[in-house]
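Work through the exercises below with the sequence and the model side by side. Try each task before you read its solution.

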Amino acid sequence: MHEIERTDAFTLVGGDAREGKVTLFQADGPRDRGVLERIVLRVPALDDVRERLEAAGHTVGNGGGELRVEAPSGVPVGLVESETSLPDLDHVVLRVPDPEATAAALAELGLERRGAHVGIADRDVELRQGDAREGESPLLNHLAFLVAASDAVEQEARDRGLEIDDVVDAPNTRAVFLVGTDRIRLEYVEHKPGFSLT
């Protein structure tokens, strides 16, 4: 992964900003683990990644066909091998009190039901049972999804009486943030004409 953009508030990292990315926010610590169990990334060669992580002094574990490592600031990361040529976001794992109820609620907010999980395109949100809830300082800020028209999302949210947390009109994007079940924040982001991150 490479640095896509850096500001005073956040750094974007990923293989391709148009396909998926991880946003690292500047925040005072410590952060609460909350619902985030781990962020899972696709990499082209697991053995190479393991060697590089261990050479850098990280403890690398195994679990369910993926490598697991704790990144700086306690960010839990999983790594799976993929045919992708660049490292990329694969899925996130969230711990929630009632996975079935959370999956149903997230499906009402536009995600696709996939058995016990939900997702968009080839990315998944894996839901596992756990007694975690988002607090005041969660490690997970939000999950973001690309949409064609953020104003339509905003209008539908208002019509349905959903909790709109924020609307951000930035140079490259316009985004609507909703607060979903288990206090999970969702961002519906529209790329404006001329969107130029690489």
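Residues are numbered from 1 along each chain as its sequence is written, and side-chain values use heavy atoms, with hydrogens and water left out.

**Exercise 1. Find where confidence is lowest and highest in the chain.**

Step 1. Start with pLDDT, the predictor's confidence in each residue, from 0 to 100. Its mean over the chain is 86. Of the residues, 93% reach 70 or more.

Step 2. Strand S2 (residues 10–16) is lowest, at a mean of 73. H3 is highest, at 96.

Step 3. Keep a rule in mind. Where pLDDT is low, predicted coordinates should not be read in detail.

**Exercise 2. Work out the order of the strands in the open sheet of four.**

Step 1. Helices (H or I, at least four residues) and strands (E, at least two) are DSSP runs, numbered from the N terminus. Two strands pair if DSSP finds at least two bridges between them.

Step 2. Begin at S12. Four bridges join S12 to S15, and the two run parallel. Leu146 stands opposite Val189 in S15.

Step 3. Move to the other end. S13 pairs with strand S14 (residues 173–179) in the antiparallel sense, over five bridges. Here Asp169 stands opposite Arg174 in S14.

Step 4. The order is S12-S15-S14-S13, with mixed pairing. S12 (143–146) and S13 (164–169) are the edge strands, and each pairs on one side only.

**Exercise 3. Which side chains of S12 are buried?**

Step 1. Set the cut-offs: buried is under 20% relative accessible area, exposed over 50%, partly exposed in between (1.4 Å probe, protein chains only).

Step 2. Leu143 and Phe145 point to one face and are buried.

**Exercise 4. Describe the surroundings of Pro99.**

Step 1. Pro99 lies in helix H2 (residues 99–108).

Step 2. Check burial. Pro99 is buried because its relative accessible area is 18%.

Step 3. List contacts (heavy atoms within 4.5 Å). Not counting residues up to four places away in sequence, Pro99 touches Leu127, Arg128 and Gln129.

Step 4. Compare sequence and space. Pro99 and His117 are 18 residues apart in sequence. C-alpha to C-alpha, Pro99 and His117 are 8.1 Å apart.

Terms used. Predicted model: local features only at pLDDT ≥ 70, side-chain atom pairs only at ≥ 80, totals over all residues.
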